[in-house]
Amino acid sequence: MTEATPNPYRSDFPVLSRKVHGDRSLVYLDNAATSQKPARVIDAVSRYYRETNANVHRGMHALAEEATAAYEDARRHLARFLGAPDPAGVIFTRGTTESINLVARAWAEERLSPGDEILISVMEHHSNIVPWQLAARKCGAVLKAIPLTPAGELDLDTLGGLLGERTKLLAITHVSNALGTVNPVSDLVRLAKANGARVLVDGAQSAPHMPVNVSELGCDFFVCSAHKMCGPTGMGALVADPELLERMPPFLGGGEMIDQVSIESSTWADLPYKFEAGTPHIAGAIGWDAALDYLDEIGMETVEALTHEVVSDAVARLSEEPGVTLTAMPAHRGGAVSFWLDDIHPHDVAQLVDQSGVAIRAGHVCCQPLMKHLGHAAINRASYHFYNTPDDTTRLIEALRTTRKIFGY
Ligand code: 7TS
């Protein structure tokens, strides 16, 4: 059993000190769904509504100017955080899902012809599958998927047959939300680009846990969500080369995204506003900025090292635990560890574990094609962040043992 290790960041998160089901102290292992928020992010959002609240980019008064400055500071900050050279290429969206839909609609549907191919993988979240199916249906493109090895990694031996001259887009997750696998995206970007394909990297599960530099990755589109990065929900981004975005039509029409409007036609605003129709999630941007400040102070190398440490310990102990079968053993793993407990239904497991105060996820975790590959309808998933500790895993394991007893194992 691992000794309790003090984690200096845990106390920054108010919710982590609460109890559930009476007197059970909360163990939060559902960070892949959404991370918890440190007090300073909650305070930044609250301060914005208390002291500043105004619409951006249109007001001619003090509050509107302050709100606009704070909103644009957040954009510049995210560009720096992700290594994007130009904030004009940072489009604020509602999250990863909306960002991918934006690219599917404004790039894929516009650029692809019948027979062109979009390559994804079997481990993708539905958000990185369904938008491409919708786009493919409209433009006649074909969707193909890289299969997986038994360890839960991309089967790179198949790439020779899948990545060809018809491949116009590779849309791939950086880190799997279900298996935890960290994919070799730099190598994949190089290979895809050598074949003349564009690349979208789904960074929903990488940006929260590791240093990401989109310029070094070399991808055309990078997408992520604030709420998995200690920031607010309803907030995310698409990061792309402004030159590429310039050549794409708008995704949504409305206020903010126009230059001139007549009854007959309209012209578009400059980037990034062309893709930000309507009043944006101003508090979301401000909260995200505070979250990025927090992550900057800790350092993403430290975030990655802490996550790696707590997850490696969890993998080692869960692998030895009677009745537990891990779904994957990738060589490189992010924050997620998924498993089955004997043949107990994952929903029963999650519900019983919750009675002990331990929050994990059960189900297909928005990865039904992956479930088909695994041959199960559902999994259990414990997903960690840098503020989790080995004690959390101990509580999970105790709760799993209780669950087994209840089911007569
Ligand atoms: N891509 C990946 C890899 C994800 O993990 C998620 C969310 C998304 C896309 C969609 O992000 P959103 O912010 O637009 O919803 N993943 C999960 C999860 O694993 N459990 O709940 C949400």
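**Close-up views of the predicted model**

**View 1. Ala 377 sits in the loop between helix H12 (368-374) and strand E17.** Helices (H or I, at least four residues) and strands (E, at least two) are DSSP runs, numbered from the N terminus. This is a predicted model in which local features need pLDDT of at least 70 and side-chain atom pairs count only at pLDDT 80 or more, while totals for chains, interfaces and linings use all residues. Residues are numbered from 1 along each chain as its sequence is written, and side-chain values use heavy atoms, leaving out hydrogens and water. Ala 377 counts as exposed because its relative accessibility is 66% (exposed is over 50%, buried under 20%, partly exposed in between; 1.4 Å probe, protein chains only). Leaving aside residues up to four places away in sequence, Ala 377 touches Gly 363, His 364 and Met 371 (contact means heavy atoms within 4.5 Å).

**View 2. Here is an open, antiparallel sheet of four strands, in the order E13-E14-E17-E16.** Strands pair if DSSP finds at least two bridges between them. At the edges lie E13 (324-326) and E16 (361-363), each pairing on one side only. Three bridges join E13 to the antiparallel strand E14 (residues 336-341); look for Val 324, whose bridge partner in E14 is Leu 341.

**View 3. Helix H13 packs on the sheet, touching E13, E14 and E17 (379-383).** The directions of H13 and E14 make about 15 degrees (axes are lines fitted to C-alpha atoms, for helices over the stretch in contact; angles run from 0 to 180 degrees between N-to-C directions). Ile 406 belongs to H13 (residues 390-406), and counts as exposed because its relative accessibility is 55%.
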